[in-house]
Every structure is written in structure tokens, then in C-alpha cells.
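Please open the structure in your viewer and keep the selection panel at hand. The tour below goes from one selection to the next and says what is to be found at each stop.

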Amino acid sequence: MKQAPAAAANPVSRDLRNPDARAPEGTSIIQVRGLEKTYSTARGSLTLFHGLDLDVYPGELVAIVGQSGAGKSTLLHILGALDAPTAGTVHCASTNVAELSQRQAAAFRNSTIGYVWQFHYLLPEFTALENVAMPLLARGQDRRTALATASKWMQEVGLEERSEHRPGELSGGEQQRIALARALVGGPRLLLADEPTGDLDEATARRIFDLLQRLHVTHGLTSIVVTHNLDLAARCARTLRLEHGRLTALGGAS
Ligand SMILES: Nc1ncnc2c1ncn2[C@@H]1O[C@H](COP(=O)(O)OP(=O)(O)O)[C@@H](O)[C@H]1O
Ligand SMILES: [Mg+2]
């Protein structure tokens with residue numbers, strides 16, 4: 001794995017920092033340069049990004065907004081080593097993500113990335129506690145230790161009394177709390193959340209966002225949240241809009 005070059009060595013990106021100068025100075029923990037992604041489809045090729053650049057700094061909570069189909073999910077997939085770019089470089093937490101083998105990508109995701117989707121993708125046949133423990137079990141941790149850590153996370157998301165429930169026995173908001181606990185149980189540095197409140201009513205969405213913000217702060221995370229909800233985006237330090245294959249700054253909370 002290669003080290004990410006220092007941000008100062010890439011002056012190209014400077015204009016993409018928050019125009020209000022709210023983005024912190026220093027070395028970015030997520031650094032994307034000249035990203036392109038082309039899908040071949042039956043109807044020809046589809047190019048999503050046109051030399052997209054992005055810097056996210058340690059401890060930032062950044063919102064990404066944009067129309068459906070703009071490529072928001074694809075961007076998060078590439079950052080999280082779930083998909084590969086066609087061109088450009090992607091460094092996340094000192095890892096050159098585009099150059100990982102499949103096995104390295106899986107290890108990188110397990111150790112460094114916490115991922116939350118719009119739909120929880122909890123495993124229906126396992127209890128909430130077992131679902132939270134899953135990333136630790138996948139690492140080969142023994143069951144007792146994994147369940148003990150997962151139990152702490154059940155408390156952290158306020159659901160210790162639902163530990164033995166199956167996902168189907170939980171409300172939508174509770175399922176997303178469990179999904180957040182599962183994303184963070186392995187101690188990742190980066191949290192990538194793709195419309196985590198998109199399937200929830202307004203009040204529940206606000207509560208999930210409150211929880212996400214609290215966990216972001218208390219666990220010292222660097223987080224990117226894709227959302228359609230501009231009120232929630234406005235609570236992030238910076239908001240970027242993905243449009244015409246590039247990101248532009250919309251400003252952010254003071
Ligand atoms: N594997 C794929 N093959 C071909 N086209 C894809 C693939 N994944 C996504 N797309 C297309 O890329 C575009 C962007 O998708 P996506 O990243 O999901 O957008 P968003 O999350 O902003 O709604 C869409 O038009 C989608 O149909
Ligand atoms: Mg999407």
C-alpha cells in the first residue's frame with residue numbers, strides 16, 4: 001500500500017476546498033484526484049465523473065448532495081473499495097484504494113471503513129446483537145469477545161434491550177441504529193453513509209442523524225454522508241454538490 005502524498009504537493013485541489021475557508025488546513029485523510037468512472041452498458045458507455053477531485057480532512061463531517069443518478073453512491077463505493085475507478089487516484093487513510101487486490105480491499109473495508117446504506121441489510125436470521133458482532137466475527141475474533149464488544153455498541157446506540165430481537169422485529173429507526181453499530185463496531189476511521197435516513201420519517205431521520213453526529217464526534221471519525229435532506233446536510237461542517245461529474249462546495253454550518 002502506498003502512502004497518500006501530502007496535500008500541499010497537490011495544489012490542483014486547492015480551489016475545491018471550501019470557498020469560505022471552513023475546511024481545515026493540513027493533510028487530507030481522503031484524497032481523490034482526477035477521478036473518472038465509465039460503465040459499459042448495453043446502450044453504450046456511461047461516464048459518471050469528469051476529473052473529480054475531493055479532499056476530506058481528519059474529523060470532518062461532510063455532506064454530499066446531488067440529483068438521483070449523479071453518481072453519489074458510486075463515489076462512496078469507490079472510496080470504500082467496493083468499486084474501482086476507471087482513471088484517477090483515490091487515497092483513503094493512507095491507502096491507495098484503487099490498487100488493492102480483492103483480498104486487500106476486503107481487509108481495508110473491515111478495518112478502516114464503516115459503511116451505512118439507505119437499507120440496513122441486516123441478516124434476518126441473526127439477532128441484532130449477532131448482526132452488530134458480524135464484522136468482528138469476520139475478522140476471526142472469538143465469539144465471546146465479539147459479542148461483548150457488540151453489546152457495548154448496543155448500549156451506545158440505545159438498544160441494549162433489543163439485543164435478542166431479529167431485524168424483522170425492529171422498527172426502521174431501530175434497524176438503522178443497529179446498522180450504525182455494526183458499521184462502527186470494528187473501530188473504523190472513516191464512516192461512509194449513503195442516504196442513511198432516506199427510508200425514514202422526518203422525526204426518526206432527525207434522531208438517526210443526531211446519533212450519527214454524536215458517534216462521529218465521540219469516536220473521532222471522518223465521515224461522509226450522502227443525503228437528499230438539505231436540512232440535515234446543513235448540519236454538517238461542509239456540503240458538496242455532485243453535479244455534471246464534479247463536486248462543488250455549497251458552504252456549511254458555522
Ligand atoms: N454497475 C453499473 N453499471 C452500469 N451503470 C451503473 C452501474 N452502477 C450505477 N450505474 C449508473 O450510474 C449512474 C449513477 O448511479 P448512482 O451512483 O447510484 O447515483 P446516485 O447514488 O447519485 O443516485 C446511474 O445512472 C446508474 O444507473
Ligand atoms: Mg445512490
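**From the sheet to the helices**

Begin by selecting strand E4 (residues 87-92) together with E5, which run antiparallel and are joined by 2 bridges; strands here are DSSP runs of type E with at least two residues, helices are runs of type H or I with at least four residues, and both are numbered from the N terminus. Two strands are said to pair if DSSP finds at least two bridges between them. Within this pair, histidine 91 stands opposite asparagine 96 in E5.

Before going further, note that this is a predicted model, in which local features need pLDDT of at least 70 and side-chain atom pairs count only at pLDDT 80 or more, while totals for chains, interfaces and linings use all residues. Residues are numbered from 1 along each chain as its sequence is written, and chains are lettered from A and ligands numbered from 1 in the order in which they are written.

Now widen the selection to the open sheet, whose 4 strands follow the order E2-E1-E4-E5 with antiparallel pairing. Strand E2 (44-56) and strand E5 (95-96) stand at the edges with a single partner strand each, so one side of each is left without a neighbour in the sheet. E1 pairs with E4 over 5 bridges, and isoleucine 30 has cysteine 92 in E4 as its bridge partner. E1 also pairs with E2, over 10 bridges, where threonine 38 stands opposite threonine 47 in E2; a hairpin of 2 residues joins E1 to E2.

Next, select ligand 1 and the residues around it, which include Tyr39, Thr41, Leu46, Gly66, Lys72 and Ser73; a residue counts as near if its C-beta atom, placed from the backbone, lies within 6 Å. Strand E1 (30-41), E2 and helix H1 (72-79) each give two or more residues to this shell, and the largest share, 3 residues, comes from H1.

Finally, select helix H5 (residues 172-184) and helix H6 (residues 202-218), which pack at an angle of about 15° with their axes 10 Å apart; axes are lines fitted to C-alpha atoms over the stretch in contact, and angles run from 0 to 180 degrees between N-to-C directions. H5 and H6 are therefore roughly parallel to each other, a term that covers angles under 35 degrees. Their contact includes Gln176 and Leu180 of H5 and Ile208 and Leu211 of H6, where contact requires C-beta atoms, placed from the backbone, to lie within 7 Å.

Key
Angles under 35 degrees count as roughly parallel, over 145 as roughly antiparallel, 65 to 115 as roughly perpendicular and the rest as oblique. Two residues are in contact if their C-beta atoms, placed from the backbone, lie within 7 Å.
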